[in-house]
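Subject: Structure for you to look at

Hello,

Please open the structure below and keep it on screen while you read. My notes on what turned up follow it.

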Amino acid sequence: QALLVGTGVQLVLPDSSRLSMEDGSEVEATRGTEHLLQAQRLSRWLRKLPDTHRGWIVVVDEALSVWQQRFVQTGRRFPLLSPACISKVAAANGFKYRITPGTKWCGDGGWSHLDFFPVLRSGTNIPADKRVPICISYNRNGYYYRFENSVRGCVGKHKPTGTQWTHAQTIYTSRDANGTAYCVGMKEAGEHTRWTVQKAQVCADGFRHSFGFRAMHNDYTSPLVPCCILVALNSQLGSKETPLQRFAAGKECETSTEWRVVYKLVLLSRPIDAEHHRVCIAAGSSAKVTSEANSESDARDPHQVFRVFYDAACDKKSLVTFEGERKFFWDIGTEKLFLPHTATGIHLCLCHVVMSKLKTSQESVKKDLPFYTWVESKCPKGAKKELCFNTMGPADVLNAVHLVDEVV
């Protein structure tokens with residue numbers, strides 16, 4: 001961030017304000033360039049994000065309109081929601097009902113507040129074939145309300161009753177919505193004809209069922225999980241040249257006195273296609289296989305070791321593996337992590353290391369015990385490669401995230 005002051009400095013106004021007044025006249029200022037204006041708007045938007053939000057800023061070569069269309073076509077446009085409020089008031093032979101979009105409370109002007117439900121903030125948030133329109137209109141003679149399952153089908157003359165209807169607004173939910181079920185019903189009563197919306201599968205209370213819909217429900221979870229590679233600061237395992245490094249996710253990637261982050265990366269929180277691998281984090285200990293040990297627990301080394309497993313192994317809670325004369329006991333983590341088969345980021349490898357078997361000179365080896373560590377590109381000579389994968393690069397991230405192109 002930078003703050004510029006002085007005569008002639010370019011000014012970016014708040015989007016909905018005017019220049020300040022001084023002695024009854026507007027202060028003269030040089031309006032900022034379009035680049036400065038967009039940068040300021042981006043900065044304001046970032047400052048509105050929750051404190052816990054973490055993300056990337058990616059610069060792309062293609063026009064943003066091309067990317068927007070790509071997000072929409074692949075169903076990755078984040079649907080912003082808005083409330084629609086239901087209220088009722090006494091009318092001839094019962095009650096009449098009203099929907100007021102944009103508010104959670106609508107008990108005004110003698111109307112009694114009943115409920116509210118989330119709808120799409122804009123119908124264009126989802127593809128046209130997924131939209132469920134709810135057309136709202138009113139009869140000026142008595143202010144009865146009408147609701148139809150169409151964009152503008154609630155407007156004009158209602159032929160069966162001869163009543164005339166004025167369009168108020170059209171709101172939208174989605175065919176894929178999984179929120180609360182609502183029904184719309186009609187009561188035909190001449191000039192007192194009106195419609196209702198009720199929290200039910202089928203309308204009752206004297207109203208003939210017309211159609212049903214489900215409210216939107218914001219069950220969005222990020223497709224990305226922040227992960228990292230940590231290096232041990234005070235471990236008895238490894239050396240300066242080949243330190244103990246482990247894979248971690250979420251809050252474990254925060255700085256501590258025992259570990260330091262050496263790589264920041266992201267994995268997927270759910271698979272996007274059938275070729276994605278599931279990855280799980282495991283921690284455990286090892287023991288030398290010997291007949292002289294009284295029990296397995298007596299033979300276990302106290303130093304903790306770490307690794308990751310792939311696919312079917314992640315369905316287990318614990319696992320035992322063998323490496324030479326050592327037996328490893330693993331506790332499998334419950335994190336849901338997935339890796340694209342075609343990721344384009346940094347190439348990382350998990351290596352099984354026994355320090356005395358390495359072909360390079362090692363300094364300050366404290367314990368010649370086997371362990372697992374991560375290296376970039378390939379494992380050192382004398383170490384056994386367990387698995388390798390590419391981390392997600394910017395292009396992979398753009399193919400997974402959702403578009404938010406409306407700023408509240």
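Cys 135 and Cys 154 form a disulfide, with 1.9 Å between their sulfur atoms. Keep in mind that this is a predicted model. The torsion about this S-S bond is -55°, and the link of Cys 135 and Cys 154 is left-handed. Cys 135 sits in strand S8 (residues 131–139). Cys 154 sits in the loop between strand S9 (144–148) and strand S10 (156–158).

The cut-off for buried is under 20%.

How many disulfides are there in total? The count comes to seven. Here are two more of them.

Cys 85 is joined to Cys 106, S to S 2.0 Å. This link of Cys 85 and Cys 106 is left-handed, with -75° about the S-S bond. The pair links distant parts of the chain, 21 residues apart. Cys 85 is in strand S5 (residues 81–91). Cys 106 is in the loop between strand S6 (94–101) and strand S7 (112–120). Cys 85 has 0% relative accessibility, so it counts as buried. Cys 106 has 2%, so it counts as buried too.

Next, find Cys 183 and Cys 203. A disulfide joins them, S to S 2.1 Å. Which hand does this link have? The torsion about the S-S bond of Cys 183 and Cys 203 is about 115°, so the disulfide is right-handed. The pair links distant parts of the chain, 20 residues apart. Cys 183 lies in strand S12 (residues 181–187). Cys 203 lies in the loop between strand S13 (194–198) and strand S14 (208–214). Both Cys 183 and Cys 203 are buried.

Now look at Cys 227, which is in no disulfide.

On to the nonpolar cores. The largest one has 46 residues. Phe 247, Trp 330, Leu 337 and Trp 374 have the most contacts inside it. Strand S15 (residues 224–232) gives the most to this core, with six residues. A second, separate core has 23 residues. It includes Phe 117, Val 119, Tyr 182 and Phe 211.

Take Trp 374 as a case to study. Leaving out residues up to four places away in sequence, which residues does Trp 374 touch? Among them are Ile 229, Phe 247, Val 308, Leu 348, Leu 350, Leu 387 and Phe 389. Trp 374 also touches Gln 245, Arg 246 and Cys 349.

Last, the surface. Leu 42, Leu 46 and Ile 57 make a nonpolar patch of about 280 Å². Leu 46 is in helix H1 (residues 34–47). Leu 46 has a relative accessible area of 35%, so it is partly exposed.

Best wishes

Notes. Residues are numbered from 1 along each chain as its sequence is written. This is a predicted model: local features need pLDDT of at least 70, side-chain atom pairs count only at pLDDT 80 or more; totals for chains, interfaces and linings use all residues. Side-chain values use heavy atoms; hydrogens and water are left out. A nonpolar core is a set of buried Ala, Val, Leu, Ile, Met, Phe, Trp, Tyr and Cys residues joined through side-chain atoms within 4.5 Å. Buried means under 20% relative accessible area, exposed over 50%, partly exposed in between (1.4 Å probe, protein chains only). Helices (H or I, at least four residues) and strands (E, at least two) are DSSP runs, numbered from the N terminus. Contact means heavy atoms within 4.5 Å. Patches are made of residues with over 30% relative accessible area and no salt bridge: like charges are joined within 9 Å, nonpolar side chains (Val, Leu, Ile, Met, Phe, Trp, Tyr) within 5 Å. Accessible areas come from the Shrake-Rupley method with a 1.4 Å probe; for residues, only the protein chains shown count as cover. A salt bridge is a side-chain nitrogen of Lys or Arg within 4 Å of a carboxyl oxygen of Asp or Glu. A disulfide is a pair of cysteine sulfur atoms within 2.5 Å.
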